[in-house]
There are 2 protein chains.
Amino acid sequence: MRLNENYLNVKESYLFSEIAKKVNDYAAQNPDKKIIRMGIGDVTLPLAPVVIEAMHKAVDEMGVKESFRGYGPEQGYDFLREKIVAYYKENTIRIDMDEVFISDGAKSDVGNITDLFDKDNLVLVPDPVYPVYVDTNIMNGRKIEYMQAKASNGFCPLPVSGTKADVIYLCSPNNPTGAVFTTEQLKAWVDYALKNDAVILFDAAYEAFIGDPSLPRSIYEIDGAKRCAIEFCSLSKTAGFTGTRCGYTIVPKDLKVKVSKLKLLKIDSDVVQLNKLWLRRQTTKFNGVAYIIQRAAEAVFTPEGRAQIKENIDYYKENAKIIADTMDEVGIKYFGGINSPYIWLECPNNMRSWEFFDYLLENINVVGTPGAGFGANGEGYFRLTAFSDRESTIEAMERFKELFIRKPEPEQEPESEAEPDATELVIEEPAAGAETGTEAESDAE
Amino acid sequence: MRLNENYLNVKESYLFSEIAKKVNDYAAQNPDKKIIRMGIGDVTLPLAPVVIEAMHKAVDEMGVKESFRGYGPEQGYDFLREKIVAYYKENTIRIDMDEVFISDGAKSDVGNITDLFDKDNLVLVPDPVYPVYVDTNIMNGRKIEYMQAKASNGFCPLPVSGTKADVIYLCSPNNPTGAVFTTEQLKAWVDYALKNDAVILFDAAYEAFIGDPSLPRSIYEIDGAKRCAIEFCSLSKTAGFTGTRCGYTIVPKDLKVKVSKLKLLKIDSDVVQLNKLWLRRQTTKFNGVAYIIQRAAEAVFTPEGRAQIKENIDYYKENAKIIADTMDEVGIKYFGGINSPYIWLECPNNMRSWEFFDYLLENINVVGTPGAGFGANGEGYFRLTAFSDRESTIEAMERFKELFIRKPEPEQEPESEAEPDATELVIEEPAAGAETGTEAESDAE
């Protein structure tokens with residue numbers, strides 16, 4: 001058998017597995033330390049009561065012959081897709097039922113959608129970037145170009161003339177930077193895509209964190225987006241479904257792609273709907289999401305569910321504020337943290353990302369994600385998430401203050417392995433940091 | 001964007017969607033008819049009590065902060081993988097924990113595994129075949145060759161000299177034919193694969209239906225199989241999980257593939273473990289199965305769970321026997337039906353598969369699957385499943401007897417649309433049919 005050797009071009013370990021390994025090793029060697037994990041963006045609050053109730057009910061149904069459910073529709077049950085259509089409608093976006101595909105999570109769909117694209121496409125991804133966008137395309141041998149997300153553009157890169165991309169990944173609110181595209185910025189991308197026959201893959205996994213009504217929560221708020229964009233949504237962060245696994249993807253029927261090899265076709269048109277191809281992909285390589293899980297997801301979209309998950313989102317947003325305020329206080333520059341669960345900070349004292357990772361882990365036992373793991377432009381940055389619980393967030397921030405404001409006490413034992421840097425850090429003035437922080441936020445959004 | 005135009009070579013509708021459409025249309029036009037569905041292989045018995053209990057418990061855990069679970073390991077929780085390792089051990093097969101991958105079902109894994117293979121591989125699939133094997137490879141533009149499964153080889157084709165296949169799909173007990181490979185037959189395939197550096201994709205989704213202890217339930221019962229075979233298992237039919245979604249795939253660490261493009265590699269070996277690549281694929285494009293579902297699956301493997309699911313499997317096997325006995329009685333030849341939930345019958349009176357489909361639907365309102373939908377060799381055959389409930393199975397078989405033994409009463413209304421064929425059928429002698437049935441079974445197994 002001949003291997004798809006593109007796989008050998010992918011880095012062997014996935015960023016978060018690498019972090020987990022480092023942390024586990026540290027924990028094994030330091031069993032007495034209380035590690036606070038603010039690295040992987042995993043939620044900590046339990047599922048909402050209305051979701052729990054819906055699942056108990058669904059489980060009972062599965063135990064009785066009359067209400068038992070076998071194979072469901074691969075695209076998802078109507079009861080859930082109706083709710084999602086209504087959710088979009090609230091936002092004045094009209095989506096048809098057959099444009100909604102229920103999945104086991106945005107990560108699967110973002111990865112699997114690339115099945116529909118030829119190897120010979122130029123893929124544009126932001127740098128820094130959620131690694132899945134890059135790795136899945138390397139696995140298929142596609143050429144990747146990076147759009148430069150930097151402090152200077154608030155980590156919201158815009159189309160650059162001269163590049164003719166075919167597939168464009170946008171993530172807003174952004175993972176990892178927390179930056180959120182404005183309507184004007186997204187419009188620039190939609191216009192670019194329409195002009196270049198490109199497809200935008202819009203990752204809206206964090207849309208529920210947008211509080212500012214002037215910021216777009218869906219790319220379909222932009223005119224013309226239905227002709228060029230696929231939107232990926234997830235209940236992972238919206239409703240704490242990271243371990244329950246449900247997301248949904250919108251593939252508009254207006255999104256049509258030109259066909260080149262007419263001779264091979266039985267179709268009477270020179271364009272094809274991606275919606276139909278994605279349905280074909282999902283009916284062939286997927287068997288739908290568990291009935292119980294779809295009932296759980298349905299509950300999220302009830303008025304009661306919406307109120308309950310809002311409480312959770314507000315809780316995480318308050319965590320984000322606590323982190324942002326602390327960064328202001330200790331004079332660390334950052335982006336995000338307002339309409340996003342992520343705080344993207346500049347490593348102080350010109351530390352590199354992994355250096356800062358080790359520094360935090362060893363000195364204050366706080367785990368974050370090295371920005372360099374997200375791409376070259378992430379070097380020197382570091383991601384903290386607001387998904388820890390309140391106590392841990394506060395404690396982690398206290399430790400930050402301890403480390404960055406007060407000089408740490410020298411270790412008593414002579415064989416101390418404390419990082420020399422820990423006592424030599426030159427900290428910027430908090431005031432300057434606070435100002436930059438504010439500036440960064442407005443840039444980012 | 002350039003399309004992966006291989007998708008345009010796939011038939012637009014998936015076989016079972018096509019059947020569903022036909023049946024729905026018929027039902028809409030004939031709302032008074034009681035249709036019995038023995039087409040798609042979907043189970044009808046509810047989940048076992050031990051599974052229901054485990055899910056309620058897991059749901060409760062998800063509602064409490066202290067026991068809430070977020071992202072799980074992509075490869076699956078240890079508690080479940082341990083149980084699967086032990087299940088293999090009972091069968092004297094030693095599998096390591098890190099060779100077990102939990103998934104949302106065999107269909108996903110069987111489809112997604114092709115990600116690891118280069119386009120340039122010769123794929124060998126049986127004809128007739130579970131359509132997923134073919135469609136997923138067409139989607140990647142791979143060359144497919146068919147091995148001829150026919151009545152003359154009991155629908156268990158063996159390697160043919162002269163063909164050098166790279167990837168080989170085997171399914172035993174077979175979907176759709178119900179045929180089961182013997183140890184000797186599987187050994188021939190393992191030997192062939194080892195000799196040709198081929199990989200066998202062994203679909204064992206129906207292994208739990210094998211009652212005959214002389215028949216292999218896992219390909220790893222064959223010496224050398226760990227060096228050439230991946231095994232796909234599912235709880236869909238084993239434990240009624242078609243709507244609950246959980247399966248598992250075994251990728252042995254001994255399964256190594258030669259690497260050609262050494263220049264690109266950072267690895268210090270000229271072979272690579274498929275286990276590592278599959279892990280990389282799953283950690284990148286998948287986020288694991290819901291915690292609740294994995295707890296449900298774990299319960300299946302407890303002694304209590306095993307006893308409960310055995311009852312269900314026995315129930316379906318009794319259905320299979322009822323169907324097989326009826327075929328004997330009405331003189332229709334068939335394969336399978338003993339160590340398999342499928343009965344693969346020869347359409348009587350030289351009818352073609354879709355003709356027989358329409359004939360049954362219109363005359364006795366029984367839905368089956370046309371053999372032609374599974375490939376050229378399936379033409380003239382028809383699949384019935386044993387997964388209906390007992391009453392429906394008995395009623396469907398009564399209708400069979402009515403149709404095939406007694407001549408149907410002429411319709412009273414002058415505008416009757418009864419099929420002319422219905423009254424003109426020439427039925428074979430039951431005795432001959434019974435004999436052939438028996439012969440077929442022994443051939444098949």
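Q: With which side chain does the side chain of Asp389(A) make a polar contact?
A: A polar contact is a pair of N or O atoms within 3.5 Å, where within protein one must be able to donate a hydrogen and the other to accept it, and residues adjacent in sequence count only if both atoms are side-chain atoms. In this predicted model, local features need pLDDT of at least 70 and side-chain atom pairs count only at pLDDT 80 or more, while totals for chains, interfaces and linings use all residues. Residues are numbered from 1 along each chain as its sequence is written, chains are lettered from A and ligands numbered from 1 in the order in which they are written, and side-chain values use heavy atoms, with hydrogens and water left out. Here the partner of Asp389(A) is the side chain of Ser392(A), at 2.6 Å.

Q: Where does Asp389(A) lie, and is Asp389(A) buried or exposed?
A: Helices (H or I, at least four residues) and strands (E, at least two) are DSSP runs, numbered from the N terminus. Asp389(A) sits in the loop that runs between strand E15 (381-385) and helix H11 (390-404) of chain A. Buried means under 20% relative accessible area, exposed over 50%, and partly exposed in between (1.4 Å probe, protein chains only); Asp389(A), at 14%, therefore counts as buried. If neighbours within four places in sequence are left aside, Asp389(A) is in contact (heavy atoms within 4.5 Å) with Thr44(A), Tyr315(A), Asn319(A) and, from chain B, Lys65(B).

Q: How many salt bridges does the structure hold over all chains?
A: A salt bridge is a side-chain nitrogen of Lys or Arg within 4 Å of a carboxyl oxygen of Asp or Glu, and the structure holds 56 of them over all chains. One of them joins Lys333(A) to Glu346(A), with the closest N and O atoms 4.0 Å apart. Lys333(A) lies in the loop between helix H9 (303-330) and strand E11 (334-336) of chain A, and Glu346(A) in strand E12 (residues 342-346), so this pair ties together parts 13 residues apart in sequence.

Q: Which residue forms a salt bridge with Lys285(B)?
A: The partner is Asp115(B), and the closest N and O atoms are 3.0 Å apart. Lys285(B) belongs to helix H7 (residues 274-285) of chain B, whereas Asp115(B) is in the loop between helix H4 (106-112) and strand E3 (122-127), so the pair ties together parts that are 170 residues apart in sequence. Lys285(B) is buried, with a relative accessible area of 1%, and Asp115(B) is buried at 11%.
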